[in-house]
Amino acid sequence: MIVERKPLNLAERLYIPAVANGFKVTWRHFKRTLFEGRTAAGDTAGGFHPEVPWRVGEGYRGAPYLVRDQDGATKCVSCQLCEFVCPPKAIRITPPGPDGAPADRRNAEKMPREFEINMLRCIFCGYCQEVCPEEAIFLQRDYSLSGTSRAEMIYDKEKLLALGGAHAGLRKWKQKEDEARAQEAFPPAAS
Amino acid sequence: MDWQFLAFSLAKILVVFAVVMTMVAYAVLVERKVSAFIQDRVGPNRANPFFARYIPYLGMKLVRWGIFQPMADALKAILKEDYTPAHVRKVYFWIAPALAMVPALLTLAVIPFGSQLGAQKMVIADLDVGVLYTFGIVSLGVYGIVLAGYAANSKYPFLGGIRSSAQMISYEIAMGLSVIPVFLLVGSLNLSDVIGAQSGSLLAWHVFKQPVAFFVFLVAAFAETNRLPFDLPEAETELVGGYHTEYSSMKFALFFLGEYAAMISVSAMMVTLFFGGWTLPFLGLDQPAQSLWVGLLHILIFFLKLCVLLVGIIWVRWMLPRFRYDQLMDLGWRRFIPVALANIVVTAGVLAMMHR
Amino acid sequence: MTDLLFVLFSALALLCGFLTVANPFTRSPVASALFLVLTMVWLAGLFVLLHAFFIAAVQILVYAGAVMVLFLFVIMLLDLREEERRRWNRFGVAAGLISVLGLLGITAVTLLRATPDGTGDAQLEGATHALGLMLFRQYLLPFEIVSVLLLVAMLGVILLSKRELK
C-alpha cells in the first residue's frame with residue numbers, strides 16, 4: 001500500500017502541532033507519575049524490581065543451564081558442538097578422554113568431565129540450545145546473575161546441572177535402545 | 001591592578017564555579033527525574049548514604065528524590081577504570097575532554113548574575129564587548145568535540161565529530177545574527193547594559209520585543225549545545241555514542257558535564273539577553289540593589305529564571321524526536337539565517353524611522 | 001604586569017607560529033592547524049593588551065572559532081598521508097618568497113612611518129562604537145572592497161563545486 005503524503009500546511013511546516021502534541025503527551029505522563037504516583041511498573045507488576053521480582057514470560061532467553069533427564073542422568077554427551085558454535089566463546093568443555101568416567105545413563109557413550117560457562121562472556125544468543133543434538137542445554141528464565149568476582153561468574157558442571165533442573169523432553173538414547181531391542185526380538189512383535 | 005580587585009574576582013570565580021558545578025550535577029539528576037516521570041518511571045531513588053538516616057524526617061524523602069544520586073554518580077565516574085584504547089591519538093585524546101568542558105565555563109565570566117552586593121558588581125568580568133566574548137568562547141567549544149572525534153580514530157566518533165563541526169558552525173551564524181536586533185535596540189554590547197535596557201516593565205523584556213530573535217536564538221542554542229532535537233553528533237541510535245564512544249571514566253564524565261555546563265551557560269545567556277537578567281518588573285526589583293538582602297534576592301531571581309529555562313531545555317529532549325541531518329542543515333541555512341537577517345533589517349528599519 | 005604579559009603572549013605566539021609551519025615532532029596537518037589556533041588565541045591576548053577588546057573578540061570568534069574549524073574540517077576529510085609528503089614546488093617556493101617579502105615590506109614601511117612615542121588614536125581604544133563609525137565612514141571603500149573580494153571567493157567556490165551540474 002502506498003500512503004499518500006499530504007502536503008503540509010504552514011503551521012505543520014513550522015512544527016507547531018508536533019510541538020504542541022508532544023507537550024500534551026509528555027505533560028500527561030509527567031503529571032500522572034509525579035502527582036498521582038502511577039508508574040508503568042506499578043501498574044503492571046505491582047512494584048519495582050528488587051522488591052517485586054520480575055516474572056519473565058515463557059520462552060525468555062536467560063542464562064543457559066544444563067538439564068538432566070527424567071531419570072536424573074546428565075543429558076550432555078560432550079560432543080562440543082555448543083563450544084564450537086558459541087559466538088563469544090563462553091563455553092568450555094573438558095571431554096572425559098579415553099579412560100574417563102562413562103556416561104551415567106545407559107547407551108550414551110560419554111558425558112563431560114567438566115562443563116564451564118563463563119556468564120560474563122555469554123551473550124544469551126541461544127545458539128547452544130539451538131545446536132545441541134541431545135537437548136541438554138536450555139536458556140532458562142534466570143536474568144539476574146551476579147557475583148563478587150570473575151571466578152565466581154564461571155559456572156561449572158555441578159552448578160549448571162543444579163540450576164538447570166530436570167527436563168521432560170524425549171530421551172533419545174533410551175528410545176534408540178528400545179528400537180534396537182525391538183529389532184533384535186524375532187519374529188517382530190507387530191503383525 | 002590592585003589586590004582588592006584580584007581578591008574579589010577570585011572569590012567570585014570560585015563561587016560561580018562551585019555553584020555551576022553543583023548545578024551541573026543536579027541538572028543531570030533533574031534530567032533523569034524528568035525523563036523518568038515522562039516515561040512512567042520513578043528515576044533514581046535509591047542512593048542512600050550512611051548519613052541519610054540521621055537526617056530527621058527529611059532523610060528518607062531526600063533519598064526517594066534522589067538527592068544523593070549525584071554524589072554516587074561522581075564517585076562512580078572517579079573510581080571507574082580510565083581506559084585508553086590502543087588505537088587512539090593520545091595527545092588529542094587527552095586534551096579533547098578538557099576542551100569540551102572549559103569553554104562552557106568560560107562563557108559564564110561575562111554573565112551578570114546579580115546586581116551588586118555592597119559595592120561589588122555581581123559579574124566576574126564586566127566587558128564592553130561581553131556578547132562578542134561569549135560568542136568567541138562558544139565558537140571554541142567545537143574543538144573539544146572535533147578533536148574527540150579525530151582522536152578516537154574510529155569511524156563513529158569521527159562521523160560524530162564531523163557532524164558536530166558542521167552543525168555548530170552553521171548554527172553559530174544563526175545564533176550570532178539572531179541577537180543583533182537585541183543589540184540594535186540596546187545600543188551596547190555590554191551585558192549589564194542589556195539588562196538595564198530591559199528594566200521598567202514586563203514588556204521591556206526582549207523576549208516580548210524581539211520574539212523572532214528569541215526563537216531563533218533558542219533553536220540555535222539547542223543545536224550549539226548538542227541537545228535533542230539536534231543531538232546528531234552523539235545520536236546513540238546511529239553513531240553508538242558519537243564523539244565520546246571511546247571515552248570512559250572521568251574523561252567521559254567531562255564531556256557529560258561539559259554538555260550540561262554548556263546548557264547552563266546558554267540558559268544564562270538567554271536569561272540575560274531576553275528575560276531581563278536579575279530584574280523583575282515589580283516592587284522596584286529592576287534597580288541595582290542598595291542593601292545586601294535585595295542583592296541576594298536579585299541573585300535568587302536570576303537563579304530561578306535560569307532553572308526554569310534549564311527545565312525547559314531538559315523537557316524538550318524528552319518531547320521531540322531527533323531531526324534528520326539534512327533537515328537540520330536545511331533548517332539552519334535556509335530557514336533561520338534568512339529569518340534572522342530579515343529580523344535585523346526590519347529592526348534596523350524601524351529604529352531608523354523612529355529616530356528620524 | 002602589562003609588559004610581562006606582552007612578552008609572554010608574543011613569545012607564545014611566535015612559538016606556536018613556528019610550530020605551525022615547522023613542527024619538529026610531527027608533520028600532521030591537524031597539529032599544525034591546532035597550533036595556528038593557539039597562535040590566534042595569543043594574538044587575541046596581544047589585542048587585549050592594546051585595549052582593542054573588539055578586535056580581540058572578533059579574532060577569537062572569526063579566526064579561531066570559525067575559519068580554523070573549517071580548516072580542521074577539510075584536513076580531516078582529506079587523505080592525510082598525501083598531505084604529509086614533502087614536495088618542493090618551484091612555483092610554491094616563489095609564491096611563498098614573494099608573499100613573505102611583500103609582508104616584510106609592508107611591516108617595515110608601517111613601522112618606519114609610525115611615531116615611536118605615539119599612543120595611537122585614543123578614541124579607538126576598546127570602543128566598538130568609534131570603531132564602527134570609523135569603519136563605515138572613513139574606511140568605507142576598503143571595507144566594501146573586502147566584502148566584494150569575499151563575495152568573489154564565495155562565487156568561485158560555488159562555481160567550482162557545482163561544475164558537474166551544468
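This is a predicted model: local features need pLDDT of at least 70, side-chain atom pairs count only at pLDDT 80 or more; totals for chains, interfaces and linings use all residues.
**Stop 1**

Strands of a sheet pair through backbone hydrogen bonds, either parallel or antiparallel.

β2(A) and β3 (residues 114–118) of chain A run antiparallel and are joined by 4 bridges. Click on A:Ile93 and you will find A:Phe115 of β3(A) opposite. Then try A:Arg92, whose bridge partner in β3(A) is A:Glu116.

Stay on β3(A) and look at its two faces. In a regular strand the side chains alternate between the two faces of the sheet. Which residues of β3(A) are on the covered face, and which on the uncovered one? A:Phe115 and A:Ile117 are on the covered face, while A:Glu114, A:Glu116 and A:Asn118 are on the uncovered one.

**Stop 2**

Select A:Phe124, in the loop between β3 and α5 (127–131) of chain A. A:Phe124 is not a glycine, yet its phi is positive, about 60°. Is A:Phe124 buried, partly exposed or exposed? A:Phe124 is partly exposed, with 15 other C-beta atoms within 10 Å.

**Stop 1: chain A as a whole**

Chain A has 7 helices and 5 strands. Follow the chain from the N terminus, and the elements come in the order α-α-α-β-α-β-β-α-β-β-α-α. Why is chain A described as more spread out than a compact globule? Its radius of gyration is 27 Å, well over the 16 Å that the globule rule gives for 191 residues, so chain A is more spread out than such a globule. Turn the view to see the extent of the C-alpha trace of chain A, about 85 × 55 × 30 Å along its principal axes. Of the 191 residues in chain A, 20% count as buried.

**Stop 2: where chains meet**

Colour the model by chain. Which chains share the most contacts? Of the 2 pairs of chains in contact, it is chains B and C. Chain A and chain C do not touch, and their nearest C-alpha atoms are 28 Å apart.

Begin with the contact between chains B and C, which takes 18 residues from each of the two chains. Select helix α3 (residues 53–77) of chain C: this helix supplies 14 residues, the largest share of the side of chain C that touches chain B. By class, that side of chain C has 15 nonpolar, 3 polar and no charged residues.

Now go to the contact between chains A and B, where 10 residues of chain B are in contact with 10 residues of chain A. The side of chain B that touches chain A has 7 nonpolar, 1 polar and 2 charged residues.

**Stop 3: the nonpolar cores**

The largest nonpolar core has 126 residues; B:Leu132, B:Ala220, B:Ala261, B:Ile264, B:Met270 and C:Ala57 touch the most other members. Select B:Met270 and show what surrounds this residue. Leaving out residues up to four places away in sequence, B:Met270 touches B:Phe217, B:Leu218, B:Ala221, B:Phe275 and B:Leu309. A second, separate core has 24 residues, including A:Ile91, A:Met111, A:Cys122 and A:Cys128.

**Stop 6**

Select chain C and count along: chain C has 7 helices and 0 strands. Of its 166 residues, 15% are buried.

Finish in chain B with B:Asp40, found in the loop between α1 (3–38) and α2 (58–64) of chain B. B:Asp40 has a positive phi of about 60° although it is not a glycine. With 17 C-beta neighbours inside 10 Å, B:Asp40 counts as partly exposed.

Definitions and conventions: Residues are numbered from 1 along each chain as its sequence is written. Chains are lettered from A and ligands numbered from 1 in the order in which they are written. Two residues are in contact if their C-beta atoms, placed from the backbone, lie within 7 Å. Ala, Val, Leu, Ile, Met, Phe, Trp, Tyr, Cys and Pro count as nonpolar, Asp, Glu, Lys and Arg as charged, and the others, Gly among them, as polar. Two strands pair if DSSP finds at least two bridges between them. The radius of gyration is taken over C-alpha atoms; the globule rule is 2.2 Å times the number of residues to the power 0.38. A residue is buried if 20 or more other C-beta atoms lie within 10 Å of its own, exposed if 12 or fewer, and partly exposed in between; C-beta atoms are placed from the backbone. A nonpolar core is a set of buried Ala, Val, Leu, Ile, Met, Phe, Trp, Tyr and Cys residues joined through C-beta atoms within 7 Å.
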